[in-house]
Amino acid sequence: VDIRVLDEENQPVPAGEIGEICVRSPTALTRYINQPEATTEALRGGWYHSGDLGVQDENGYLYLRDRKRDMIISGGFNIYPAEVENVIMSHPDVVQCAVVGKPDEKWGEAVSAMITVRPGTSLGLADIQEHCEKSLGRYKVPRYLLVTNDPLPQSGVGKVLRREVRELFTTEGQSS
């Protein structure tokens, strides 16, 4: 199996830079059944494009960063939800967190977070922003926040369903 981390032009990125993880192998997928467009998109340049973003270090070790479709583009900056989620999760009163992009006329997308808080506690947007500003660039700090005491929407295996969280930001009122 050959693995490369490629940019949008199918060119390898330098060690330490984020790109899409791509593989080439006789055992890799050859097509999606009855989905020629998806096959063409996934197999660009002879490589299977996984949709996962990662970084390869100087020794060839590969580190996963996030899913490409979950990346937020705000004001021309690429923002990886997992990075923001890790910072928010370091707050002692946060039990669960999901970060998504909310459509924004000015920025393209705005960083938006949904959190579950510990019972008996309350957090607002200003609290989360102050916490995040200690570790993140200002452009990565959430502009919108939904707070709940209930678990976030999850799949059968316990993975937070970002698409459902994203939908909540278009149907419910948010702090701004």
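Predicted model: local features only at pLDDT ≥ 70, side-chain atom pairs only at ≥ 80, totals over all residues.
**Entry 1: salt bridges**

I started with the charged pairs and found twelve salt bridges in the structure. As a reminder to myself, side chains of opposite charge can pair when their charged atoms come close.

I looked at Glu20 and Lys68 next, whose side chains form a salt bridge with an N to O distance of 3.3 Å. Where do the two partners sit in the chain? Glu20 belongs to strand S2 (residues 18–24), while Lys68 lies in the loop between strand S4 (62–67) and strand S5 (72–74). Lys68, at 23%, is partly exposed.

I then asked which other residues join Glu20 and Lys68 in a network of salt bridges. I found Glu8, Glu41 and Arg44 linked with them.

**Entry 2: two more pairs**

I looked up Asp52 and found a salt bridge to Arg67, with 2.7 Å between the closest N and O atoms. This pair, too, links distant parts of the chain: Asp52 is in strand S3 (residues 48–56) and Arg67 is in strand S4, 15 residues apart.

My last pair was Arg138 with Glu133, a salt bridge at 2.3 Å from N to O. Here Arg138 is exposed, with 55% relative accessibility, and Glu133 is partly exposed at 40%.

**Entry 3: nonpolar cores**

I turned to the nonpolar side chains. In soluble globular proteins, such side chains tend to be buried together.

How many residues does the largest nonpolar core have? I noted 19, and the members with the most contacts inside this core are Val84, Ile88, Val94, Val99, Ile115, Ile128 and Cys132. Helix H2 (81–89), strand S7 (94–104), strand S8 (108–117) and helix H3 (125–133) each give at least two residues to this core. S8 supplies the largest share, four residues.

Setting aside residues up to four places away in sequence, I listed its contacts as Ile88, Met89, Ile115, Thr116, Arg118, Leu123 and Ile128.

There is also a second, separate core of nine residues, with Ala98, Val100, Val165 and Phe169 among them.

**Entry 4: Ser74**

I found Ser74 in strand S5. Its relative accessible area is 4%, so I marked Ser74 as buried. What does Ser74 touch beyond its neighbours within four places in sequence? I wrote down Ile79, Trp107, Glu109 and Ala110. I also checked Ser74 against Thr171: they are 97 residues apart in sequence, and their C-alpha atoms are 21 Å apart in space.

**Entry 5: positive phi**

I finished with backbone angles.

Asn10 has a positive phi, near 65°. I located Asn10 in the loop between strand S1 (2–6) and S2, and its relative accessibility of 25% makes Asn10 partly exposed.

Asn34 also has a positive phi, near 60°. This residue is in the loop between S2 and helix H1 (36–42). Buried or exposed? Asn34 is exposed, with a relative accessible area of 73%.

How values were computed. Residues numbered from 1 in each chain as written. Heavy atoms only, no water. Salt bridge = Lys/Arg side-chain N within 4 Å of Asp/Glu carboxyl O. Buried < 20%, exposed > 50% of the residue type's maximum accessible area, 1.4 Å probe, protein only. Core = buried A, V, L, I, M, F, W, Y, C linked by side-chain atoms within 4.5 Å. Contact = heavy atoms within 4.5 Å.
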